[in-house]
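Please look at the sequence and the structure shown here, and then read the short report that follows.

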Amino acid sequence: MATPVAVHTTTAGLRGLTWDHPRVYAPLEELARLDASVPAGCETVARPLSWERKPAAAFAAAPVRRYAGDYDLLVVAHPGLGTAVASGCLLPMETLFEAAELDHWRRTSVGASYESYRLGGHTWALPLDVSTQVAAARPDLVDEDRLPRTWKEAAALARTIPTVLCLGGPHAFLTLCSLSLAQGKEPLREEDGAVVCRETGLAALDMMATLRARTAPPLRTCDPNSVLRAMAQDAGPAYCPLVYGYATYTRAGAYPLAFSRPPGWCADGPAGSVLGGAGLAVSARRVRDAETRAAVRDHVRRLLSDPVQRDLYPMTGGQPAARTAWTGRRTDPDWRGFCHDTLTTVEDAWLRPRMPGYLAFQERASLLLREGLAERTPHRTLLDSLDSWYREGNWH
């Protein structure tokens, strides 16, 4: 495997802030380590870059603008883009790069990962990483030919093998969105201001309640990492119909997992899936002078370069946004076919709204759904509460 060229750094450095998740921070920190380990006298870049970590939940609790005064580069999630852009804390990528270079990154990224960071005619971040909701299974417990093609089949399978539904954090709401999409209805697009179409929402909640009842109580509030870790252990669940897929779990833990297209509502229908991932944004509050902008450009170009995305990212457990890493022959054998089995799902994944306040809405909506399911609130009442709160708009 070709190792990305490391460079020796000599002057006061740039500061970057990233999520405390190995798939995101490991490639960034490894590249920084390579830079620092090169002997003096080798090729140099203007400024070194060091990374600090914060839990992903901290970014949801505190908007990007709170950190933009302390860091030059920030890892961001596209659903929070509206709030960040409204605050004026990010630098449009058009002020750093020529249109041809941006277009190249757009064309060579997978799915909507590049478009997810465009808002109001500008590009506010560039895609480093991509993920989406897929199905996960223990191959030693579930044969490939038994994998459900529909949600009805998933519910039937849950009666015979341990199954888990991911509902922690924002994922109860994202599961509702996915089940709505699988029925052909896009969330947050109803003319009457409803969160989801009433008919599809009721069917989705019925399915969520059924699978939640089959989920072991300790796992009913778990996030994707906790769900996948549980599945990879001895007594873990055998199947999860919808969870953000991380390729590292194809070779981690006591039992490697297999990932595939999530169930459809009907066998030939769409597989509803909600796009995730991580983008690289630049602080407008710190990156002002020509020297700093030049240094930032160098680091962004290296992080998005083909060798780093195709080789270093998979090698360190990252999940790159570059198409070459998903379609090339180097990565997939190490990931037990993860790219081949999930690429279509990634490319078809739904792009969430990016309006100001969306992340707060997503978290609150998920809590409302999770509590409602736990308390067995009638599903019509639960949707009424969700719609009423959404229409009030006090989550902005």
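## Two crossing helices

Helix 6 and helix 14 are roughly perpendicular to each other, a description used for angles of 65 to 115 degrees. The helix 6 run covers residues 171–182 and the helix 14 run covers residues 358–374, and they pack at an angle of about 90° with their axes 6 Å apart. Helices here are DSSP runs of H or I with at least four residues, while strands are runs of E with at least two, both numbered from the N terminus. Axes are lines fitted to C-alpha atoms, for helices over the stretch in contact, and angles run from 0 to 180 degrees between N-to-C directions.

Among the residues in contact (heavy atoms within 4.5 Å) are F173 and L174 of helix 6, together with F361 and L369 of helix 14.

Strand 9 (residues 133–137) pairs with strand 10 over four bridges, and A136 stands opposite C240 in strand 10.

## About the model

This model is predicted, with local features needing pLDDT of at least 70 and side-chain atom pairs counting only at pLDDT 80 or more, whereas totals for chains, interfaces and linings use all residues. Residues are numbered from 1 along each chain as its sequence is written, and side-chain values use heavy atoms, leaving out hydrogens and water.

Definitions and conventions:
Angles under 35 degrees count as roughly parallel, over 145 as roughly antiparallel, 65 to 115 as roughly perpendicular and the rest as oblique. Two strands pair if DSSP finds at least two bridges between them.
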